[in-house]
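Please keep the sequence and the structure in view while reading.

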Amino acid sequence: MVRIRVLVVDDHRIFAESLAAALAAEPDVEVAAAGSGPAALRCLERAAAEGRRFDVMLVDADLGAAGAVPPPRAAPVARAVPETGGGAVVDGISLVSGVRSLQPALRSVVLAQKDDARRAALALQAGASGWVAKDCSLQRLLAVIRGVLRDETHLAPALLTGVLREMTAARKHRTESERLVESLTPREQEVLRCMVAGLGRKAVAERLFLSPHTVRTHMQNVLGKLGVHSTLAAVALARRAGVGPAELDPGPALAGDVVERGGQLA
């Protein structure tokens with residue numbers, strides 16, 4: 001018998017344990033549970049190292065909502081999440097995104113307290129294969145688990161129209177953002193990638209062997225051409241356009257990075 005390995009990720013222990021027990025009663029399902037994003041990543045890493053990768057991850061949409069604020073969406077989740085300690089909080093959709101880049105074959109299903117077309121669209125864009133109500137029947141959940149392993153996508157019918165509308169709008173925004181980024185010169189695009197990586201003016205100058213004054217001019221040109229008024233807005237637009245961060249060398253060079261304060265270039 002081919003067994004399906006499922007990882008339940010939910011910080012509500014009673015719900016996670018109850019769901020894991022119910023799924024484990026199925027003869028072809030093997031279950032583990034994790035109470036946070038970092039704990040889930042450790043579990044996935046251990047399983048991969050032992051040659052026992054999970055097939056499906058069930059993730060609470062509101063993971064960590066009762067604790068600290070989740071990390072900014074602008075951060076590259078796949079890189080940032082594994083470095084977090086036990087006290088860090090990772091929300092469910094960010095976890096799906098990070099895990100997709102680390103283990104592309106793993107199917108993720110988001111479990112939600114209520115229907116939310118905008119968040120369901122974000123989950124699908126992050127790589128989830130489904131958005132399912134937490135109070136659905138066990139039979140329904142098992143059908144979803146088996147379905148996503150056949151590359152099916154599962155949504156409640158009531159969500160379908162709203163999700164399609166959200167994803168169409170997101171594609172439109174992405175196209176507009178891509179057009180604006182393409183208007184930048186190659187040097188300005190380099191500077192933008194450094195901004196996405198979180199570097200301030202001084203750090204960008206050191207990285208690109210330019211004077212701080214020249215970098216400031218480039219940054220102002222970038223903001224002007226993108227039609228935004230702060231580095232945070234520029235980074236958000238760049239992310240929508242699919243612009244990734246500049247590759248950073250680990251070490252003390254990052255210690256002197258200057259970040260945006262009050263919406264102005266530092």
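An angle of 65 to 115 degrees between axes counts as roughly perpendicular, and an angle under 35 degrees counts as roughly parallel. The model discussed here is predicted, and its secondary structure comes to eleven helices and five strands. Of the 266 residues in the protein chain, 41% are buried. Among contacts between residues at least 6 apart in sequence, 71% join residues at least 24 apart.

**Helices α9 and α10**

- Two packed helices are described by the angle between their axes and the distance between the axes.
- For α9 and α10 the angle is about 110° and the axes lie 9 Å apart, and these two helices are therefore roughly perpendicular to each other.
- The contact is made by Arg201, Val204 and Ala205 on the α9 side, and by Pro212, Val215, Arg216 and Met219 on the α10 side.
- Sorted by class, the residues in the contact of α9 with α10 comprise five nonpolar, no polar and two charged residues.
- Helix α9 spans residues 201-208, and within this helix Ala203, Val204, Ala205 and Leu208 are buried.

**Helices α4 and α5**

- Helix α4, covering residues 92-102, packs with helix α5, covering residues 117-126, at an angle of about 15°, and their axes are 8 Å apart.
- That angle makes α4 roughly parallel to α5, and the crossing of the two helices is right-handed.
- On the α4 side the meeting residues are Ile93, Val96, Ser97 and Arg100, and their counterparts in α5 are Arg119, Leu122, Ala123 and Ala126.
- By class, this contact of α4 with α5 has five nonpolar, one polar and two charged residues.
- An α-helix has 3.6 residues a turn, so residues three or four places apart point the same way.
- Leu122, which is found in helix α5, counts as partly exposed because its relative accessibility is 28%.
- The C-alpha atoms of Leu122 and Ser97 are separated by 9.8 Å, although these residues are 25 residues apart along the chain.

- With a relative accessible area of 75%, Phe209 is exposed.
- Asp151 is likewise a residue other than glycine with a positive phi, in this case near 65°.
- Asp151 has its place in the loop between α6 (138-148) and α7, and it counts as exposed at 57% relative accessibility.

- Ser129 is found in the loop between α5 and β5, the latter covering residues 130-133.
- Is Ser129 buried or exposed? With a relative accessible area of 11%, Ser129 is buried.
- When neighbours within four places in sequence are left aside, Ser129 is in contact with Arg107, Ser108, Leu124, Val148, Glu152, Thr153 and His154.
- Glu178 is found in helix α7, which covers residues 157-182, and it counts as partly exposed at 27% relative accessibility.
- Along the chain Glu178 and Leu237 are 59 residues apart, and their C-alpha atoms are separated by 8.6 Å.

**Cysteines**

- How many disulfides does the model contain if a disulfide is a pair of cysteine sulfur atoms within 2.5 Å? By this rule the count comes to zero disulfides.
- Cys43 is buried, with a relative accessible area of 13%.
- Cys194 is also buried, and its relative accessible area is 1%.

Conventions:
Residues numbered from 1 in each chain as written. Predicted model: local features only at pLDDT ≥ 70, side-chain atom pairs only at ≥ 80, totals over all residues. Heavy atoms only, no water. Axes fitted to C-alpha atoms, helices over the stretch in contact; angles between N-to-C directions. Helix = DSSP H or I, 4+ residues; strand = E, 2+ residues; numbered from the N terminus. Parallel < 35°, antiparallel > 145°, perpendicular 65-115°, else oblique. Left-handed = near helix turned anticlockwise from the far one by under 90°. Contact = heavy atoms within 4.5 Å. Nonpolar A, V, L, I, M, F, W, Y, C, P; charged D, E, K, R; others polar. Disulfide = S-S within 2.5 Å. Buried < 20%, exposed > 50% of the residue type's maximum accessible area, 1.4 Å probe, protein only.
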